[in-house]
Amino acid sequence: MNSTRHMEEKNLLLRVKGLKKWFPVKSSLGRTTGYVKAINSVSFDLFEGETFGLVGESGCGKSTTGRSILRLIEPTEGEITYRGKNLLKLKGNELRSIRQEMQMVFQDPHSSLDPKKRIGYSIEEPMIIHGVGTKEQRMRRVFELLRKVGFSEEYYYRFPHELSGGQRQRVGLARALALDPKLIVCDEPVSALDVSIQSQVINLLQEIQAELKLSYLFVAHDLSVVRHIADRVGVMYLGQLVEQAPVEQLFHSPQHPYTKSLLSAVPIPNPKVKRERILLQGDVPSPLHPPSGCVFHPRCPFAIEKCRSVIPQSMEVTQGHHVQCHLYS
Ligand code: SF4
């Protein structure tokens, strides 16, 4: 799926603008004493049929971004425009019907399926909830989805504990496909799986994307997985999207100091090629008290005085390559 596709020729599916999610911190008396700024002014576009990878360390806000887009958690501020409609303004039936087009594949296939329900029911359930089809039509659809993710019809009657982790994740994908979505948020869909199984699930995701022309928002901490599947990549640090670019451009020519340090830690398969590892000082600060100015400044080897007080704006350094850093402003 890696490609130099011209996204400008594609139709915009989703636009996220200035998205924030702040979780209030309450005192024992119930007063709000502060906010965990899980995501802070995140903006990006997702086009029809593409995969946008969101990467960053644990706790950087990438999963919260995915969940906020699907309104599994309510964003604090910002705009999420899906096919021209602002999702944050939709209510009731309109929201319900658009939600059918936006599904999620969860990280943990062990907990995302009800252990007491047969696989067939787990795949059928979203259709029951949304009142889709008759029992017979739904059953036919479940058999079709089972085949699509590589199972025989006999798996309809199995329980989750009878399946391996990779098989459960395939059931999670079949469930996500049940309502014929246009967009799937894949939240670390392979990180709980063995490496050998990861590639099978990634290949299946790619095949199904090509067949159904799906768009994926692919959240992951594993850069090699993202490089394999994504068309474009956004790098998050402490709730902010600090860099975004077409995938090969990001991997060959990272610009933001944080992206450079992340990529310097990825092993190169060729032993003759050496890469200098950029080690960052200190830990990621708490999102309860993010640093002033550029949130990366306490750890940045290139920080200048301005970085301590002035928030950098996102700049387009080459076509489609955006960096949020004073070195480029
Ligand atoms: Fe480093 Fe300053 Fe750029 Fe932030 S704005 S990444 S601190 S150089």
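Begin at the boundary between domain 1 and domain 2, where about 2,300 Å² of area is buried, 66% of it given by carbon and sulfur atoms; buried area here is the accessible area, for a 1.4 Å probe, that two parts lose on being put together, summed over both. On the side of domain 1, select Gln100, Pro181 and Leu204, which lose the most area to domain 2 and together make up 24% of what that side buries.

The model is predicted, with local features needing pLDDT of at least 70 and side-chain atom pairs counting only at pLDDT 80 or more, while totals for chains, interfaces and linings use all residues. Residues are numbered from 1 along each chain as its sequence is written, and side-chain values use heavy atoms, with hydrogens and water left out.

Next, colour domain 1 (11–101 + 181–328) and domain 2 (102–180) separately, bounds that come from an automatic or database domain assignment. Their centres, taken over C-alpha atoms, are separated by 28 Å, and 32 residues of domain 1 are in contact with 20 residues of domain 2 (heavy atoms within 4.5 Å).

Then select Lys148 and Glu211, which form a salt bridge with their closest N and O atoms 2.7 Å apart (a side-chain nitrogen of Lys or Arg within 4 Å of a carboxyl oxygen of Asp or Glu).

Finally, select the ligand, whose surrounding residues include His256, Cys294, His297, Cys300, Cys307, Cys325 and His326 (a heavy atom within 4 Å).
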